[in-house]
Amino acid sequence: MLTSYAAHFDTPAGYLDFARFGPPSRDVVDATARALAESARADHTTVDGLMRAEMTARDTAGRLAGTDARHTVLLPNASTGLFHAALGIREGTVLVPRSDFPANHYPWRRTAGLGRVTPRWLDPEPGGGVTPELVRAALTEDVVALSVSAVDFRTGFRADLAGLREAIGPDRLLVVDAIQAFGAAELPWDAADVVVAGGQKWLRAGWATGFATLSDRALETLEPVLTGWTGVAEAGLFDGAEHPPAPDAGRWSITNLSPVTAAAFAAALDLVERHTVGAIEAAIAERAGELTEVVRTYGGRVLSPTDPARRAGILSFTVPDRDPALVAKALHAEGVTPTVRADSLRFSPHASTPPEVCAQVTAALSALGD
């Protein structure tokens, strides 16, 4: 456990569902309360003052992604960014893993319906993920982009972003959904042209927070189809004319976002930056490794990659001959919160997860044999 980081949270020890939702820190709660309180006492300085949180969040998100505010835009969720990317591609074939979370499918399905792009579905091996070898085998001249999750939501498989960039070459776009990795795993984000992430999971910023980063290549080649009034040059000039899109990542802005959620996002990002992604990742890996041993000790079958270097913080497993719902019931009785699927369970600890959670899981799994 990263004690200095954990001191900012009130999350129960048995909470192991960060891949679904990351309970925010007291810093985030306080930032939200302050912004709301300021909005309730509005005067001529209030709106402009609250809006400064957006730039703070953009700066920090950009640094964590290895870029800058010019290449970063705040978004309300990851899906918005994926739709921006999908609609921005004029034509061609896009490689998309069939095993990805549905949020990664629908932007490409919808743009295919518009006749703009054709998704080509990749089928990773069970328990595996999208590898450079799989991508190379699917490449043809008409492929213009690869869309992939940095970390697989089912198994925690960690994509080799540098290898994927090498596989597709310098002229194709690499679109990365980073929601299961950003802030909790160090990856070479600069290998991607588009990185999108929501802040409600590992970043622990609450709902309606997120961002995207765009490379220079993405800014040059993606059409700003969804650019709104806040994403154009001279957005404050209301002259009835159509203004050109902003020259930077701000062109993905549709309208003003909530400055309250921007304040929450800024606080969450600051906490990550101060404690460092590397330290957070190491603490998560330590706890995930301990939980893996507990699951195996009590007969569980681990579905996640066995090589720690190929897995992020997600541990998916089954207990043979046991309905996942019944296993979940035993875990709940010991104060443990997993993700429950129809065919499996998923543990996703964070850097604040204390070691005593292993005893709770042990008690739950051992009770299954009684």
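Mentor: Buried here means under 20% relative accessible area. Keep in mind that this is a predicted model.

Trainee: OK. How many residues of strand β7 are buried?

Mentor: Five of the five residues in β7, which spans 210-214, are buried.

Trainee: Which residues sit on which side of β7?

Mentor: Gly210, Ala212 and Leu214 are on one side, and Phe211 and Thr213 are on the other. Both faces are covered.

Trainee: What does β7 pair with?

Mentor: β1 (residues 72-74) is joined to β7 by three bridges and runs antiparallel to it. In that pairing, Val73 stands opposite Ala212. β6 (residues 194-198) is also antiparallel to β7, over five bridges, with Gly198 opposite Gly210.

Trainee: And what is the strand order in the sheet?

Mentor: β1-β7-β6-β5-β4-β2-β3, an open sheet of seven strands with mixed pairing. β1 and β3 (117-122) stand at the edges with a single partner strand each, so one side of each has no neighbour in the sheet. On average, neighbouring strands are turned by 20° against each other, direction ignored.

Trainee: Back to β3. Is its pairing with β2 parallel or antiparallel?

Mentor: Parallel, with six bridges between β3 and β2 (residues 92-97). Val96 stands opposite Trp121 of β3 there.

Trainee: Switching to helices. Which strands does α5 touch?

Mentor: Helix α5 (residues 106-113) packs on the sheet and touches β2, β3 and β4 (143-149). Its direction makes about 140° with that of β3.

Trainee: What about α7?

Mentor: Helix α7 (residues 161-168) packs on the sheet too, touching β4 and β5 (173-177). The direction of α7 makes about 155° with that of β5.

Definitions and conventions:
Residues numbered from 1 in each chain as written. Predicted model: local features only at pLDDT ≥ 70, side-chain atom pairs only at ≥ 80, totals over all residues. Heavy atoms only, no water. Buried < 20%, exposed > 50% of the residue type's maximum accessible area, 1.4 Å probe, protein only. Helix = DSSP H or I, 4+ residues; strand = E, 2+ residues; numbered from the N terminus. Pairing = 2+ DSSP bridges. Axes fitted to C-alpha atoms, helices over the stretch in contact; angles between N-to-C directions. Contact = heavy atoms within 4.5 Å.
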